[in-house]
Amino acid sequence: MFPFWSDYYYLVILLNIACIVHALKSGNRDAIYLLIFLPGLGAAVYFVMEILPDITNGTFGQQLVRFISPNGRIRECEKRVQITDTVTNRMLLAEAYAEQKQYSKAVELALSCANSYASDQGILLQLSRFQFMNQQYAESLANFDKLNKMPGVRMSNVADELIYAQALEATSQADKAEQAYQRIIQVHHSLEAMYYYGLLLRKQNRNPEAKIQFERTKAEISLHPRYIRRTIRKWVWLSRKELATLK
């Protein structure tokens with residue numbers, strides 16, 4: 001009766017599944033309802049609103065390659081190191097390891113480079129990040145502090161500031177962590193910082209204050225440009241989950 005629909009129905013299903021996977025990986029849980037209850041139309045809307053911007057800014061191709069061949073970049077960087085064993089190639093390989101959550105290997109490589117170039121700020125910064133990812137919080141803090149003491153260095157990247165705050169919390173320095181979270185929120189309006197600060201407050205049984213932080217994520221996401229909102233809305237979703245369990 002509907003030969004066209006019959007021929008392309010499976011393509012619609014595959015597109016819908018692909019969009020659901022993308023939504024899960026990007027933290028866009030709200031879009032999953034649209035994709036489930038409006039298959040086809042929902043996938044088309046999602047593609048235009050979410051995937052097409054990634055294609056136009058060049059990130060979709062990289063994400064697709066990493067999805068199809070997650071260890072492809074590692075193999076490529078390992079070959080480079082075998083051919084030319086330089087600090088640059090070693091650090092690129094360390095980044096490739098970190099992308100695939102092989103953090104201990106990333107730390108080992110970055111540490112070998114830092115031992116050879118102790119005053120290189122870029123190497124020390126990456127080492128600090130890898131150590132945090134590898135749950136070496138005290139070592140990460142020590143290297144961040146060492147970096148901040150170097151002349152001309154001022155840590156202003158919100159992701160690094162957040163790592164520092166979380167490392168303080170992980171090493172039982174709750175008061176300093178709270179101050180760090182508050183500073184990040186004040187300066188950057190970071191929804192991620194609001195979420196993690198809310199978790200810290202909740203651990204301390206300061207539930208009314210935690211609730212304020214989780215609610216702020218919903219209110220302040222509108223302060224960010226539309227293209228940024230796509231990357232940070234998962235903190236709103238996670239905050240809603242916390243709010244649902246708060247008394």
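This is a predicted model: local features need pLDDT of at least 70, side-chain atom pairs count only at pLDDT 80 or more; totals for chains, interfaces and linings use all residues.
Which hand does the crossing of α6 and α8 have? I looked, and the crossing is left-handed.

**α6 against α8.** I picked out helix α6, residues 87–99, and helix α8, residues 121–133. Their axes come within 11 Å and cross at roughly 25°. That angle is under 35 degrees, so I call α6 roughly parallel to α8. Next I checked who touches whom. From α6 I found Val-87, Met-91, Ala-94, Glu-95 and Ala-98, and they meet Ile-123, Gln-126, Phe-130 and Met-133 in α8. Sorted by class, this contact has seven nonpolar residues, one polar and one charged.

**α8 against α9.** Then I followed α8 to helix α9, residues 137–148. Here the axes are 8 Å apart and the angle is about 155°. That is over 145, so α8 runs roughly antiparallel to α9. The crossing of α8 and α9 is left-handed. On the α8 side I noted Leu-124, Leu-125 and Phe-132, among others, and on the α9 side residues including Tyr-137, Phe-144 and Leu-147. The class count for this contact is seven nonpolar, five polar and two charged.

**The cores.** Phe-130 turned up again when I looked inside the largest nonpolar core, which has 54 residues. Phe-130 is listed with Leu-93, Tyr-181 and Phe-214 as having the most contacts inside this core. Helix α12, residues 191–203, gives the largest share, eight residues. I also looked up Phe-214: beyond its neighbours within four places in sequence, its contacts include Tyr-195, Leu-199, Leu-243 and Leu-246. Apart from this core lies another, of seven residues, among them Cys-19, Ile-32, Ala-43 and Tyr-46.

Definitions and conventions. Residues are numbered from 1 along each chain as its sequence is written. Side-chain values use heavy atoms; hydrogens and water are left out. Axes are lines fitted to C-alpha atoms, for helices over the stretch in contact, and angles run from 0 to 180 degrees between N-to-C directions. Helices (H or I, at least four residues) and strands (E, at least two) are DSSP runs, numbered from the N terminus. Angles under 35 degrees count as roughly parallel, over 145 as roughly antiparallel, 65 to 115 as roughly perpendicular and the rest as oblique. A crossing is left-handed if the near helix is turned anticlockwise from the far one by less than a right angle, and right-handed if clockwise. Contact means heavy atoms within 4.5 Å. Ala, Val, Leu, Ile, Met, Phe, Trp, Tyr, Cys and Pro count as nonpolar, Asp, Glu, Lys and Arg as charged, and the others, Gly among them, as polar. A nonpolar core is a set of buried Ala, Val, Leu, Ile, Met, Phe, Trp, Tyr and Cys residues joined through side-chain atoms within 4.5 Å. Buried means under 20% relative accessible area, exposed over 50%, partly exposed in between (1.4 Å probe, protein chains only).
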